[in-house]
Amino acid sequence: MEAGSQLKSVLNLQLASDSSSVFHLPYVLSTLSKDSLSPSPHLAKWSARIISLLHSKDPGARWAGLCIAHKSALLSKSFMVESAASWLPIVVPMLSRAEPSPILKAAIRLLITVFTAATEMSEFQRQVSLPHVPKFTSALSNIAASNEDIELKVICLNSVSCLIPNYPTAHRATFANLSGLALGFLNGSHPRSTPAPLLKSAAQLYSILHLTGGKVGAANLWRKALDDTLVFGWDAFFAVRTTFPGDAKSPAPRQEQNDSSISVPLNVDRIRCCSTIIRDLLCTLTTRPVQVPSGLLIKYAIALVGASPDGQVEGFVDPATRAMEIFIVPSLWKYGGEIIATLAENIPHCLEPALAQLYTVLTHRLEQSLTQEQRASVLDTLQQLLQASRFIDSPIMPNRIMRAVLPSLTIVLSSSNVVDPSPEDNKGNKGKKKAKNYTGDEVFKVSRDVICPTEVDAKVLLSALQVVKYCLQNPNLSSTQSSLASRILLSIQLSLSQLSPSVLSPDPQVFCRVQQNVHAICTGMASTSTISLQKALPLILKESLKTGDTELQSAFDLLIHPRLPPVVRPIPLIQSLTLFRVEESEEEVAARKQLHLEFGNESLPAPNSREQDTVMEDVVPPVSAPQVQQNGGEAVRLPFLSNQPAAPQPPQTQPPVQSAAPKFWRNEEQQQKQTITPAVTQAAVPSSEKQELEPNTSRQNAVASGSSSFLIPHSNSDDEDQDEEMPTIDMASDSEDEEDDE
């Protein structure tokens, strides 16, 4: 095809008139290419047609001309350089007129492209760009200050932020105006808070204004901006703590007599703006090294996170003001955590003197009763702090963090034998009998809730996994917490393979991320010692290979076939896994029960009402527990399988149902150790029944002695109804005939 033939056809057909240019604009923009703007005789006609559209009286035609000029500038840099001198005198004045928002946005995009695409051409900048950049910046400032369109404001502020690094000296005279413009959006808002896009754009503009000071003055301007931001933040913090006892070193100033319904939300939004400004100032570029006031920043962040809703000043306190200041305390925790995360990301080496204090205040917040949003914020801050800095050498802090984080992981574990509690005194209600529950019934329950129904719940779970990962790497972690965390993670890994992704979260990506994190943590945990490797690696390897993760497979390959000789060191027994109950210490049992984690044969509390099955009507009388006769002639129940010795039960006068086969249980500890003697003596059982009892009890005790320590959540179950055999059904009987006879 001849060069310029496409431009010729577009000029003759689609751009023949102003109305057709607007109508066919999508087609024109989609068909343009770099080859279309190659040198040809029709290129001059194309430039002339763009200029005629920019001069048109029709707003639609002007908008079409701006869009076509922007597309042409992106496709051909040489064409833009040749045509920019004729475009700028037409487009820049458009920003000072009352034009519709689409025209203003298209003009801003075109001018930004022209001013930033040819920065390496010094002659082009000197002759074309520099004379129009101050006018363009002034026009953008006026639009951002006067226009009510939030999107247009954001575009103007982002455009100025893009121009200042490229033309710092050209904006030196406008430093005061631009600073006032940015601070006007960062001074808080009421009754609605500052929109997030506008806050982000204004903070970004304010954080790069120091570049207008040149190589020498930029550092001083940056430090002054950070000091002013801290003063602004402290004033807002004291303004929302008027009813709390203040620090003697920094007394709160006198609060102006304003309505608390206005001043409290306004100052909370100012603290939010302060947190955003600090983040952008620490992330911005500087021409020379600057001195960061890390001590002042850490003090302010700890003051926010350490704000307590308790305590009250002496004297009269307005109840409305007191209630509002207590209500906004969680917001102070959130913004303080954002500042700590920013410090850990940008200046982690400056946090070394205050690491103990930071970990303490964050752990204290995590140990309190928090909502999911608040817990997600604290966990995210703690994760970034652990990732960016070292862990302090303290035997207490990692254990506190682990105890506070483990409850966020146990929600993944699900019980496979949760049954409904049966009432003990159901003699009067002979017609009511609950439905039986059997192993595996939870698969068919359609009323089961999603574990992480919201995005915040999934964020809490993922952040908790990362925090546990870093805590397991700490050598100061106690053996109890290390063993308990390892068992919980291994139980989660085994349960994930049998869990549907839709049960974990509506977002399928959450299941993949959780599974990858758990596999990675378990793999690293298994490779820490030979004992852990021997016990846990087969299970971890089996579950990890199901996902087909290539990274984990390569890690297993290096683990099984190392390329280097093993490190000569003693076996770290502290990190050995406890996979059997006989290895579990009393301290670990207490820590496990505090997390409401029980084994399948331990006493369990009542389950959630949502998981209970329907109570069924039946005329069959309830089956009583099997009884045996003592030597003294008194009938008692044998104890159920449990960890504690069973107390003697009163005799039952109701005879057992003949159709139900008897089944007996013995205490697990009685047969293993023979040290606990219950109140009952040896039962006098017939020889025929005794012969049938011995093999059954021996098989049950063999299973109980080797019971695994994989954990399930603490929930209630009725062992008697769970292990009760199904009654024999007489197929020859007719229930309808029996009812008629009655």
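Predicted model: local features only at pLDDT ≥ 70, side-chain atom pairs only at ≥ 80, totals over all residues.
Start with the charges. Side chains of opposite charge can pair when their charged atoms come close. The structure holds 12 salt bridges. One of them joins the side chains of Glu120 and Lys77, at 2.0 Å from N to O. Glu120 sits in the loop between helix H7 (101–117) and helix H8 (122–129), and Lys77 belongs to helix H6 (residues 77–91), so this bridge ties together parts 43 residues apart in sequence. Lys77 is partly exposed, because its relative accessible area of 33% falls between the 20% and 50% limits.

A second bridge is local. Glu123 and Arg126 meet through their side chains at 2.4 Å, N to O. Both are in helix H8, 3 residues apart, which is about one helical turn. An α-helix has 3.6 residues a turn, so residues three or four places apart point the same way. Glu123 is partly exposed, with a relative accessible area of 40%.

Arg400 and Glu367 form another salt bridge, their closest N and O atoms being 3.0 Å apart. This pair links distant parts of the chain: Arg400 is in helix H20 (residues 397–405), while Glu367 is in the loop between helix H18 (355–366) and helix H19 (372–388), 33 residues apart. Glu367 is partly exposed, at 41% relative accessible area. Salt bridges also form a network, linking Arg62, Arg97 and Glu99.

Now turn to helix H16 (residues 319–327). Its buried residues are Thr321, Arg322 and Glu325. They cover an arc of only 100° around the axis, so they lie on the same side of H16. Pro319 and Phe327 are exposed on the other side. What do the buried residues of H16 pack against? Their partners are helix H13 (214–239), helix H14 (260–283) and helix H17 (329–346).

Arg322 has a further contact. This residue lies over the face of Phe244, at 4.5 Å from the ring centre. Arg241 also lies over the face of Phe244, at 3.8 Å from the ring centre.

The structure holds 6 aromatic pairs. Phe115 and Phe136 form a tilted one, with 5.6 Å centre to centre and 50° between the planes. Phe115 lies in helix H7 and Phe136 in helix H9 (residues 133–146), so the pair ties together parts 21 residues apart in sequence. Both Phe115 and Phe136 are buried. Phe237 and Phe238 form another tilted pair, at 5.7 Å centre to centre and 55° between the planes. Phe237 counts as buried at 8% relative accessibility, and Phe238 at 14%. Ring pairs link Trp234, Phe237, Phe238 and Tyr300 into a cluster.

Conventions. Residues numbered from 1 in each chain as written. Heavy atoms only, no water. Salt bridge = Lys/Arg side-chain N within 4 Å of Asp/Glu carboxyl O. Helix = DSSP H or I, 4+ residues; strand = E, 2+ residues; numbered from the N terminus. Buried < 20%, exposed > 50% of the residue type's maximum accessible area, 1.4 Å probe, protein only. Arc of directions from axis to C-beta. Contact = heavy atoms within 4.5 Å. Phe/Tyr/Trp six-rings, centres within 6.5 Å; stacked < 30°, edge-to-face > 60°. Lys NZ or Arg CZ within 6 Å of the ring centre and 35° of its normal.
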